[in-house]
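Please keep the sequence and the coordinates at hand while reading.

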Amino acid sequence: MLAAPAAAPRRALLAIVGLAALGVAIRLNNVFRYPADWGFDASFNWRYIYRMSRDWALPHPAAGWSTGDPPLYFTVSALLFRGLEALGLRDLAVIALPLLNTLLGLALVWLAVVLVRRVDPESPRRAWLAGGLLLFLPAHIQMSVMVNEQMLAALLTSLAVFALAVRSTPGSQRGAAERRQAPAEAERVELRRAAATGAAAGLA
């Protein structure tokens, strides 16, 4: 009679792991099958990345369709493109760049789980539900494989929100520990967190 209740958490864990594996498998499948020139402004983004990898100069914002977008994603992508080219693996860029975006998208899913878990530690199901909804959100799946800046911008914005949410979560262990610190040390911690939050929001 006691076996059934004891087996329930194990079945729930297996279901979570199975769904997570399925969500990751879908995204990895897209990395290898999704046409590189599909997606929002994909052809313009590829041109921006290639041009950046040649001279590392920021183009005029009005020089092209994508050149008015924040340059961080295109700079990182150009570095990856140039690195593959130096290794004689330039053709792999059509896989490496979508894979980069896919990893950024999965980081967003993980961040959602961690945030909800911190806000409501007594209800882990809510955290897994939040992650599952994002993992299987059709628009998120589609955007994760596109070569554009959306996933990086979303991750940086979410990191800023996460930092603010963690700081304002009542009764958190970190907040209690900081309150016990000396005022000068607590102020330095607060300044570092504010700087990190501002940097994440600004880079987004």
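In which hand does α3 pass α4 at their crossing? The crossing is right-handed, a term used when the near helix is turned clockwise from the far one, whereas a left-handed crossing has the near helix turned anticlockwise by less than a right angle. The model is predicted, so local features need pLDDT of at least 70 and side-chain atom pairs count only at pLDDT 80 or more, while totals for chains, interfaces and linings use all residues. Residues are numbered from 1 along each chain as its sequence is written, and side-chain values use heavy atoms, with hydrogens and water left out.

The axes of α3 and α4 come within 10 Å and cross at roughly 145°. Helices here are DSSP runs (H or I, at least four residues) numbered from the N terminus; axes are lines fitted to C-alpha atoms over the stretch in contact, and angles run from 0 to 180 degrees between N-to-C directions. On the α3 side, Tyr-73, Val-76, Ser-77, Leu-80, Phe-81 and Leu-84 meet Ala-93, Ala-96, Leu-97, Leu-100 and Asn-101 of α4, where contact means heavy atoms within 4.5 Å. This contact has 9 nonpolar, 2 polar and no charged residues; Ala, Val, Leu, Ile, Met, Phe, Trp, Tyr, Cys and Pro count as nonpolar, Asp, Glu, Lys and Arg as charged, and the others, Gly among them, as polar.

Helix α3 (residues 72-86) also packs against α2 (residues 42-55), at an angle of about 65° and with the axes 8 Å apart. The two are therefore roughly perpendicular, a class that spans 65 to 115 degrees. Their crossing is right-handed. Among the residues in contact are Tyr-48, Ile-49 and Arg-54 of α2 and Phe-74, Arg-82 and Glu-85 of α3. By class, 8 residues of this contact are nonpolar, 4 polar and 3 charged.

Helix α4 has a further partner in α6 (residues 138-145): their axes come within 7 Å and cross at roughly 145°. Pro-98, Asn-101, Thr-102, Gly-105, Leu-108 and Val-109 of α4 touch His-140, Met-143, Ser-144 and Val-145 of α6. The contact comprises 5 nonpolar, 5 polar and no charged residues.

Attention now turns to the space between the elements. The largest pocket holds about 540 Å³; a pocket is an open set of points on a 1 Å grid with protein on both sides within 12 Å along at least five of seven lines, and lining residues have an atom within 4 Å of a point. Of its 22 lining residues, Ile-16, Ala-20, Trp-128, Leu-129 and Gly-132 are the closest to the centre. α1 (3-33), α4 (93-119) and α5 (124-135) each supply at least two lining residues, and α1 gives the most, with 9. The lining divides into 19 nonpolar, 2 polar and 1 charged residues.

How values were computed:
Parallel < 35°, antiparallel > 145°, perpendicular 65-115°, else oblique. 1 Å grid on protein atoms, 1.4 Å probe; cavity = no way out; pocket = protein on both sides within 12 Å on 5 of 7 lines; lining within 4 Å. Points joined across faces, edges and corners; volume = space filled by probe spheres on them.
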